[in-house]
Amino acid sequence: MSSDEGVAALRRVADVVLTSEAGLTELYELKGALDKGSQAGCVSAMDRRTGVHYALHEVELGGLPAGKCADLAAAVCAQRRIADAPAELSDEMHGAQLALVREVLLSPKRVLLVTELAPTSGAVCDDLLTLLERRGRLAESDARRVFTRIVLATKRAHDCGAVLRNIKPESVQVRQQEKHGEFEVYLTQLHCAAPVPRDADADAPLLTGLHGTPEYCAPEMTLWYWHEMVPPRLVEPPPAYSGKADVWALGMCLHVMLCGCFPFQTSDVDEEELLRTINTAAFAFNDPG
């Protein structure tokens, strides 16, 4: 795929094509960078047309490989599929949300993803990783309530024909509006999502590529690391994988929530060694947790 084809893929999903970089401020009032939580690094922006606040995620087009442009366009399609599906009305689902992209703007230099803003206030309101770093690990009762909602949000995506491929504590915003109140969970950073046929079998191998954060990658996904090297060390593409890669990531999140660590060594190892450890299932469950 050429760079022009990659930009064309983004153009097809763009709601607004800006002729200049300054055109953004005609549509959105920029409030400043979000400096904490699962959307840290995004910009808080108010839609001048509606007054609604969003998180603005910017991706520079310069140097972005064509394949990554296509992946980003696919992630937008996956999120729109979830947004267009009838919403669940159960009480449990009210506390399990996905922060979806609501508008895509393409400028000459950037693609701008306007995404639902996760909560920023409450008695407890932060990304799950920060919460774990503060507490060391979660009590089983808290872990159960938080994890249930992460699973429900993931199931919602799967039921709509979207696989997330980036489930990790850093991308989970957790809020308790009142101390000891019920947990609300928002899954953010959905830029690795991919659409799959809604009626596809859960085991159907339809996905390719290495996506997300290495520590949470399923073994069948790790093989793509060696194929995507330049030059590739696996000349033939590895087998495609299924949406069950999300289930692996969920299990890894639960282990970290309960134990405060991974079931394998992550310090003093490079990315390749880490992925090899996961692929060969070289785990050690000897932590006191």
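By how much of a helical turn are R276 and E272 separated in helix α10? The two residues are four apart in helix α10 (residues 271-279), a separation of about one helical turn. Helices (H or I, at least four residues) and strands (E, at least two) are DSSP runs, numbered from the N terminus. The model is predicted, so local features need pLDDT of at least 70 and side-chain atom pairs count only at pLDDT 80 or more, whereas totals for chains, interfaces and linings use all residues. Residues are numbered from 1 along each chain as its sequence is written, and side-chain values use heavy atoms, with hydrogens and water left out.

R276 and E272 form a salt bridge, with the closest N and O atoms 3.0 Å apart. A salt bridge is taken as a side-chain nitrogen of Lys or Arg within 4 Å of a carboxyl oxygen of Asp or Glu. R276 is partly exposed at 38% relative accessibility, while E272 is buried at 17%. Here buried means under 20% relative accessible area, exposed over 50%, and partly exposed in between (1.4 Å probe, protein chains only).

The structure holds 18 salt bridges. Among them is the pair of R80 and D15, whose closest N and O atoms are 2.7 Å apart. Because R80 lies in helix α3 (residues 66-84) and D15 in the loop between α1 (3-13) and β1 (16-17), this pair ties together parts that are 65 residues apart in sequence. Both partners are partly exposed, R80 with a relative accessible area of 24% and D15 at 43% relative accessibility.

A further salt bridge joins R102 to E116, with 2.5 Å between the closest N and O atoms. R102 belongs to strand β6 (residues 101-106) and E116 to strand β7 (residues 110-116), so the contact ties together parts 14 residues apart in sequence. R102 is partly exposed at 43% relative accessibility, and E116 is partly exposed with a relative accessible area of 22%.

Zero disulfides are present in the structure, a disulfide being a pair of cysteine sulfur atoms within 2.5 Å. The cysteine sulfur closest to that of C261 is in C259, at 5.4 Å, which is too far for a bond. For C160, the closest cysteine sulfur is in C77, 14 Å away and likewise too far for a bond. C160 is buried, with a relative accessible area of 4%.
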